[in-house]
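Hi everyone, thanks for making time for this. Let me put the structure up, and then we'll walk through a few parts of it together.

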Amino acid sequence: MFSLKGRGAVITGGSGSLGIACAKALVEMGADVVLIGRSHEKLQLAKQQLGTKGTGRIECLVCDVTKEESVNAAPSQLANVGFKSDILVTAAAVSAASKPFQDLNLTDWRATTSTDLDGVFLACKVFGTAMAKTGFGRIINLTSFHSVATYPYRVPYNAAKAGVEGLSRALAVEWGHLGVTVNTVAPGPILTPRTQWFIDQDENNLPGMLSRTPNKRLGSSADIGATVAFLASGESGHINGQRLVVDGGWTTNAWWGDHQRLQCI
Amino acid sequence: MHLTMAQDLFSLNGKVAVITGGSGALGLSIAKTFLQAGAKVVLVARDPESLDRAVDSLAGLGDCRRLSGDVSDSRQVEDIFNWVENEFGKLDILVTAAGVQFRRPAIDFPEDKWDEVISTNLTGTFFCAKFAAQKMLKNNYGKIIMLSSLTAEIGIPNISAYAASRGGISQFAKTIAIELAPKGITVNCIGPGRFRTPMTADVLAEDHHYARLIEVIPIGRLGEPDDLSGVSLLLASDASSYITGQTFYVDGGWLAGGGNVKG
């Protein structure tokens, strides 16, 4: 169950920590994986980090998901090296400045939405359209628990992620009968370099985050890889248009107290 | 290597699972999945004969036991989990798939039928989760999976009690998920859309109903019991250790489309 042998997967944001974790899970399940990103050097580092122990091939492709011509060129480049794209994971996201809404300008807005929303549109359009012609496809867009409940000062990010949720539902409805499912994985706080940076800004950040998380820990990149691998498999075929929240219970929780001191049971 | 990954992340080797509604189509399919993943499985159902048939159909897949019991009776439920603890020394996984249906417009819905549906579907889920969690807490580990339904989200006529029970289950799951999360126990729901099971056979037998149902499902087909295999294994295994309090809908895209007819 859950074997991906013979499947080809494209991962945008392939050099980021979540992209690498997704690649690790997919390769170890037998898929061939292409890491997509803007920086050749970062992609090579990611490939080195993944090693060669998985059964699937790992390739890298320099591609900018914010540039239509760049994304349009990707399928033929992949076909030239014998790759097919059955699975798309969109993990590309930018670390945009966190600002109060009144201080944002359109440049700030676009700095985030061009990658986090437009980039998903382009990747889905190019790779998903090709999948629809083959009768099989799995699109997994990484969004965020910020599409459910959020922090202040992240308007472009939140809007982009919520936009991807809407895009995904709409595509699920359009492509379901063609064998292509479209779902999202919405991580809660995951211990990535970006989250570590946030934690380092204020000593209250980590205790505050943990106090809101019933599972009492931050998520790991592997938690996301596992869920993505499940959605990429044939066994997820009747799940379509859904958001799978992986947040240790954060968005379900309305309890104001300290979970670590829940002793009534 | 991919098999190693699958075995590690999604393996249920050495786990002990109880599945209520074990003789129904969905419970039986989940049981098959768990046995194939290495778990020991205890099927629970009211009717001994259908339970025997269910267990017999799983012959050769692994260690599968049967226990006849009524989940709406708290004493019977407590006995079931005591038996499991005595037999296996622990409980790792609970799936509550016991459910009944009764169709009638709300204004004519008999009170005894309302009580019967709520008792089995909602109160029975509460009893099972309560007594199962008491066992799981001894090891600070557990996976509780409750079968909810698309009807926890949307209205469908003539199934008032069933929809109320399923909506109640989803909300109950969130509450107990928060309570049990610090103790290493996750609680999630699976919400099937329209599946082809004996429970839906009466509706699906009418051609005009069937045609209309298919129109609102973007994938263009009904769910089959095996469509729950993957998600049940995800939620039962350590691959889902950071997922709790969620309801995963398996509906072919019905919810995403909002019930609109395909274009």
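So, how many residue pairs are in polar contact between chain A and chain B, with both at pLDDT 80 or more? The count is 12. A polar contact here is a pair of N or O atoms within 3.5 Å; within protein, one must be able to donate a hydrogen and the other to accept it, and residues adjacent in sequence count only if both atoms are side-chain atoms. On chain A's side, α1 (17–28), α5 (155–175), α8 (221–232) and β7 (243–246) each supply at least two of the residues that touch chain B. Helices (H or I, at least four residues) and strands (E, at least two) are DSSP runs, numbered from the N terminus. α8(A) gives the most to that side, with four residues.

Quick word on the ground rules. This is a predicted model, where local features need pLDDT of at least 70, side-chain atom pairs count only at pLDDT 80 or more, and totals for chains, interfaces and linings use all residues. Residues are numbered from 1 along each chain as its sequence is written, chains are lettered from A and ligands numbered from 1 in the order in which they are written, and side-chain values use heavy atoms, with hydrogens and water left out.

Back to the interface. 50 residues of chain A are in contact with 46 of chain B, contact meaning heavy atoms within 4.5 Å.

Now zoom in on helix α5 of chain A, where you'll find Asn158(A). Is Asn158(A) buried or exposed? It's buried, because its relative accessible area is 13%, and buried means under 20%, exposed over 50%, partly exposed in between (1.4 Å probe, protein chains only). Leaving aside neighbours within four places in sequence, Asn158(A) is in contact with His146(A), Thr150(A) and Tyr151(A).

Ile107(B) is exposed, at 80%. From Gly62(B), Ile107(B) is 45 residues away in sequence and 47 Å away in space, C-alpha to C-alpha.

Last stop, Leu43(B). Not counting residues up to four places away in sequence, Leu43(B) touches several residues, including Ile19(B), Leu28(B), Val55(B) and Leu67(B). Okay, that's my tour, over to you!
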